[in-house]
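Work through the exercises below with the coordinates open. Try each task before reading its solution.

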Amino acid sequence: MKRLYFIGGAVTALAALAACSGGKADNIIDAEPIAGVADCRALTDTLQSIAAACPGEIGIALIAGDDTIVVNNEDKYPLMSVFKLHQAISFCRTFGESDIPLDRKTEVERRSLNPDTWSPMLKDYPDSVIVISAADLLRYTLTQSDNNASNYMFDQWESVARVDSFISTLIPRDAFRLSYTEEEMWHDHDKSYANHTSPLGAALLMERLFTDSIMPAHYADFLRTTLGECATGIDRIAAPLADIEGVAVAHKTGSGYRNADGLLVAHNDVAFITLPDGTHYTLAVFVKDFAGTEAEASAVISRISQAAYSAITKQ
């Protein structure tokens with residue numbers, strides 16, 4: 001029997017769970033036993049206490065077997081670069097349905113890219129014409145959160161509207177919205193608030209990628225592996241788990257600008273965590289309008305991750 005524990009956003013959380021909890025049995029990939037939470041009420045209280053003590057809005061979603069816990073689950077948290085997860089899933093589904101190999105090369109005119117946005121790809125490719133595979137573009141977006149790589153894929157291959165439409169077939173329509181590219185948000189930081197999600201919406205998407213057949217297996221395996229190589233935000237969900245032998249974290253982060261009031265617009269992480277015995281859980285933490293530093297926001301996410309891990313493993 002599924003259990004849902006919530007503080008805040010009850011209607012959205014219940015609707016999302018009802019919409020996505022059915023229809024999984026026929027296409028499940030991970031046959032291992034799934035971790036649960038021994039005392040959901042105690043963990044819910046702990047997570048609420050952490051969130052309430054923070055100088056900002058904190059939204060949390062945890063999916064562990066039959067147990068789902070959400071705190072402040074309204075659909076209003078800016079995704080920032082977490083939306084590159086949505087983009088990558090939609091992109092790989094499109095390539096997979098057409099049987100287009102991810103090692104297919106494309107030519108990118110350097111002059112068409114933004115030299116002032118976050119883009120490790122530009123540093124690695126100094127030539128005027130960048131010859132790069134679709135797989136490597138995806139790696140840049142997912143492991144290093146490269147904005148130029150994401151913008152190029154939106155401009156040339158799949159629009160924001162198309163990604164938004166496809167993702168709405170995987171998770172509830174009222175759990176997220178995609179409206180703008182990184183380039184558009186770079187020009188107008190206020191647009192960051194228009195790409196938004198509920199914590200449970202993001203957690204459900206990550207959960208489906210790892211446990212459902214939502215695209216051909218080769219493409220899904222590529223995404224799962226690549227998310228496991230994510231190099232950004234290692235001080236967030238992954239931090240308390242880094243030194244635990246046999247624990248694997250696949251995740252996608254998103255970090256925001258400062259708004260007109262000097263608040264950190266967003267500081268996010270959503271992760272699929274696999275434990276040494278093969279069990280797993282999914283955790284999403286979204287920080288909005290935070291009156292502190294990025295390091296302080298990361299520390300909050302790390303505390304939430306530690307609390308979830310301890311409750312699940314009873315340590």
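**Exercise 1: helix α3 against helix α6**

In this predicted model, Phe83, Lys84, Gln87 and Phe91 of α3 make contact with Asn147, Ser150, Met153 and Phe154 of α6.

Solution. 
- Step 1. Get the geometry. The axes of α3 and helix α6 (residues 147–156) come within 11 Å and cross at roughly 45°.
- Step 2. Apply the cut-offs. Angles of 65 to 115 degrees count as roughly perpendicular, and those under 35 degrees as roughly parallel.
- Step 3. α3 and α6 cross in the left-handed sense.

**Exercise 2: helix α3 against helix α7**

Which residues of α3 and α7 meet, and at what angle do the axes cross?

Solution. 
- Step 1. List the residues. On α3 they are His86, Gln87, Ile89, Ser90, Arg93 and Thr94; on α7 they are Arg162, Val163, Phe166 and Ile167.
- Step 2. Sort them. The contact of α3 with α7 comprises four nonpolar, four polar and two charged residues.
- Step 3. Read the axes. Helix α3 (residues 83–97) and helix α7 (residues 160–167) have axes that come within 9 Å and cross at roughly 85°.
- Step 4. Classify. The two helices, α3 and α7, are therefore roughly perpendicular to each other.

**Exercise 3: the partners of strand β11**

Which strands pair with β11, and in what sense? Is β11 mostly covered or uncovered?

Solution. 
- Step 1. Start with β2. Strand β2 (residues 57–64) pairs with β11 in the antiparallel sense, over seven bridges. Here leucine 62 has leucine 283 of β11 as its bridge partner.
- Step 2. Turn to β10. Strand β10 (residues 264–274) also pairs with β11 in the antiparallel sense, over 10 bridges. Valine 270 is opposite alanine 284 in β11.
- Step 3. Inspect the connection. β10 and β11 form a hairpin, with five residues between them. Glycine 278, in the turn, has a positive phi of about 95°.
- Step 4. Check burial, using under 20% relative accessible area as the cut-off. Strand β11 (residues 280–290) is mostly covered, with 11 of its 11 residues buried.

**Exercise 4: the whole protein**

How many helices and strands are there, and what share of residues is buried?

Solution. 
- Step 1. Count elements. The protein has 11 helices and 11 strands.
- Step 2. Take the burial. Of the 315 residues in the protein, 57% are buried.
- Step 3. Look at sequence separation. Among contacts between residues at least 6 apart in sequence, 71% join residues at least 24 apart.

Notes. Residues are numbered from 1 along each chain as its sequence is written. This is a predicted model: local features need pLDDT of at least 70, side-chain atom pairs count only at pLDDT 80 or more; totals for chains, interfaces and linings use all residues. Side-chain values use heavy atoms; hydrogens and water are left out. Axes are lines fitted to C-alpha atoms, for helices over the stretch in contact, and angles run from 0 to 180 degrees between N-to-C directions. Helices (H or I, at least four residues) and strands (E, at least two) are DSSP runs, numbered from the N terminus. Angles under 35 degrees count as roughly parallel, over 145 as roughly antiparallel, 65 to 115 as roughly perpendicular and the rest as oblique. Contact means heavy atoms within 4.5 Å. Ala, Val, Leu, Ile, Met, Phe, Trp, Tyr, Cys and Pro count as nonpolar, Asp, Glu, Lys and Arg as charged, and the others, Gly among them, as polar. Buried means under 20% relative accessible area, exposed over 50%, partly exposed in between (1.4 Å probe, protein chains only). Two strands pair if DSSP finds at least two bridges between them. A crossing is left-handed if the near helix is turned anticlockwise from the far one by less than a right angle, and right-handed if clockwise.
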